[in-house]
Amino acid sequence: MIECVDLIKIYEDEQRHLRVPALRGCDFHVEKGEFVSIIGPSGSGKTTLINILAGLESISSGTVRVAGISLERLSIQDLSAYRLKKVTLVDQFPERNLFLNVKVRENLSLYSTLAGLDLSSRIRQRNDKIMNDLGIAHLASRLTKTLSGGEKVRVAIACAIAKNTPVLLCDEPTGQLDTENTLKVKAVLAKVSKKYQTTVIVVTHDLRFLEGVDRTYIIKDGRVSAVLDKEDKLAQTKFPLQYKRYVDTSKSIRIPELIVKTLKIEDQVLLEMDEKSRVILKHPQAIPPEKISLEEQTTFRKELHLQELPKDYHKKQPIVLEAKNLSKIYKTPGGDVHALSNVNLRVHSGEFIFIVGPSGSGKSTLIKVLVGLEEETAGEIFLLNKPFNRLSNAEKALTRKEHFGIVMQQGNLHPFLTVEENLYLKDVFAFKQKSTPTISDTFTELLELFQIVHRRKSFPSEISAGELQRASLAVSFYKTPKILFLDEPTANLDSDLAKFVMENLFRLHREQKLTILLSTHDINLIQKGMRVIELVDGTIFRDGLLA
């Protein structure tokens with residue numbers, strides 16, 4: 001069904017005379033009706049691969065065949081027909097898939113129409129069934145633009161299924177979803193692949209997609225390094241450890257990271273074969289290997305255990321932000337949507353607060369209203385004891401520039417400026433002269449801190465979602481804001497990068513005494529003793545300290 005052979009993709013920047021390889025001889029094969037995951041860290045080439053399969057990117061060399069069609073030979077007209085009839089892509093930014101100013105049900109109808117289906121009662125019933133399976137039937141009459149990020153992801157997946165193409169591609173579909181909704185998405189995708197013989201490919205950093213799929217491809221540095229089925233995954237949980245490596249068309253293999261670390265391998269490895277054809281890997285200088293033991297599997301929190309805030313909690317530090325009876329109602333053709341209802345909270349100087357809750361609970365809306373990007377329906381917001389919500393839009397913008405650092409789910413960089421140029425906006429809007437050496441040194445440190453310095457000359461559209469989030473974090477920390485608002489800052493990061501970013505956030509919070517509000521669906525990010533505000537249906541359900 002899908003076959004890639006020695007696939008190479010090189011991005012060329014003629015202005016800067018750079019050639020950046022994204023795929024370096026990638027081999028890949030998927031049969032009709034299979035449900036396959038491609039897992040790799042941020043920047044490994046996952047999004048490039050899926051964009052090529054979707055017909056959105058050309059290849060530099062190699063071959064790509066989908067349903068018997070050689071993509072590298074298609075004309076522009078044939079490529080458009082291929083994208084319409086053969087494949088559907090769920091983008092990692094769901095807004096790119098959806099018509100935001102129409103209802104959810106109308107989005108599904110539009111996708112069914114694209115597939116050439118008439119909107120008969122049978123098709124409408126099928127679309128209703130898709131929405132029900134994904135847990136979004138209650139959103140059918142909602143305007144799409146009023147949905148949360150996680151709800152938009154599920155609607156985008158529903159639309160892709162409604163289009164009913166032979167191939168369904170999903171780029172990081174669960175980064176913004178909690179575990180319950182991730183399981184729903186996986187179950188529906190598995191059902192679609194089996195019931196309709198649809199080939200489903202999910203590219204992700206989410207290790208939950210190691211389970212529940214027919215096969216997993218591990219991709220690193222633009223190459224497939226391993227292909228895992230259920231038996232292979234079990235073989236790595238006890239001694240002797242067994243690793244089945246993928247041999248590509250150039251007869252290259254990737255040595256597992258644990259073996260590289262254990263043997264202390266740098267740029268060379270010694271392969272030794274005895275008379276019985278047994279092969280042993282050794283360090284070429286005979287350096288003894290490290291002794292290893294199987295680490296216990298990481299245990300994940302399934303629920304939050306919170307202690308009540310002490311009665312004198314808010315007397316310890318001055319209050320910098322306060323919301324009183326805050327409500328937000330979206331007016332839609334299907335009726336009023338109460339995104340926030342009578343929210344009362346106080347934030348004191350130097351706090352690190354986690355805002356948690358399931359998809360659609362109001363986390364992102366709360367942050368948008370607190371920073372003035374959405375207007376409240378009722379209630380008041382006080383910043384440093386002054387009524388922030390009574391300011392004009394221009395005054396709110398000035399306050400955001402002077403006091404806030406903001407990172408939203410989709411990143412908030414200017415699309416037509418490079419990562420580095422986005423930095424200068426704060427000084428430009430403040431009518432300050434650019435001091436290149438000082439700015440360059442400070443910003444380089446921030447880019448290095450968030451492991452994004454290699455993208456300083458790139459435009460936001462040229463980088464992955466995970467890279468965009470890290471770049472937005474670097475820009476938001478420039479000139480040390482008084483209050484930092486972070487909306488799902490680790491949603492598009494692999495587990496190692498998410499851990500790295502959170503460690504740096506905790507360290508910067510301690511060292512610089514920052515006030516931070518961070519919304520997330522991942523309760524495993526929270527450290528013991530930290531304050532947690534849990535939202536349910538737009539109201540504060542609990543406010544306490546993690547036990």
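This is a predicted model: local features need pLDDT of at least 70, side-chain atom pairs count only at pLDDT 80 or more; totals for chains, interfaces and linings use all residues.
Which residues does I59 touch, not counting residues up to four places away in sequence? To find I59, look in the loop between α1 and β4 (61–66). Its partners there are L7, I8, K9, I52, V64 and E72.

Now step back and take in the whole chain. The domain assignment gives domain 1 (2–223), domain 2 (255–302) and domain 3 (305–546). Between the C-alpha centres of domain 2 and domain 3 there are 42 Å.

Let's go inside next. In soluble globular proteins, nonpolar side chains tend to be buried together. Here, the largest nonpolar core has 44 residues, and F352, F354, L505 and I526 are those with the most contacts inside it. Elements that give two or more residues to this core include β16 (352–356), α13 (436–449), α15 (495–512) and β21 (515–520). Pick out F352 and see what surrounds this residue: leaving aside neighbours within four places in sequence, F352 is in contact with M502, L505, F506, H509, I516, L518, M530 and R531. Another core, of 37 residues, lies apart from the largest one, and I157, I161, L189 and V192 are among its members.

Lining the largest cavity are T88, R126, A160, I161, N164, T165, V167, L168, V192, Y196 and T198. Two or more of these lining residues come from each of α5 (149–163) and β7 (167–171). By type, the lining divides into six nonpolar, four polar and one charged. You have already met I161 and V192, which are listed both in the 37-residue core and in this lining.

Finally, visit the second largest pocket, with a volume of about 1200 Å³. Its lining has 49 residues, and R455, E462, I463, S464 and E467 lie nearest the pocket's centre. The elements that give two or more residues to this lining are β1 (2–13), β2 (18–30), α1 (46–53) and α14 (465–477). Which domains take part in the lining? Domain 1 (2–223) and domain 3 (305–546) each supply at least three residues. Sorted by type, the lining of the second largest pocket has 14 nonpolar, 17 polar and 18 charged residues.

Note on methods:
Residues are numbered from 1 along each chain as its sequence is written. Side-chain values use heavy atoms; hydrogens and water are left out. On a 1 Å grid over the protein atoms alone, a cavity is a set of points where a 1.4 Å probe fits but cannot get out, and a pocket is an open set with protein on both sides within 12 Å along at least five of seven lines; lining residues have an atom within 4 Å of a point. Grid points are joined across faces, edges and corners, and a volume is the space filled by probe spheres set on the points. Helices (H or I, at least four residues) and strands (E, at least two) are DSSP runs, numbered from the N terminus. Ala, Val, Leu, Ile, Met, Phe, Trp, Tyr, Cys and Pro count as nonpolar, Asp, Glu, Lys and Arg as charged, and the others, Gly among them, as polar. Domain bounds come from an automatic or database domain assignment. A nonpolar core is a set of buried Ala, Val, Leu, Ile, Met, Phe, Trp, Tyr and Cys residues joined through side-chain atoms within 4.5 Å. Buried means under 20% relative accessible area, exposed over 50%, partly exposed in between (1.4 Å probe, protein chains only). Contact means heavy atoms within 4.5 Å.
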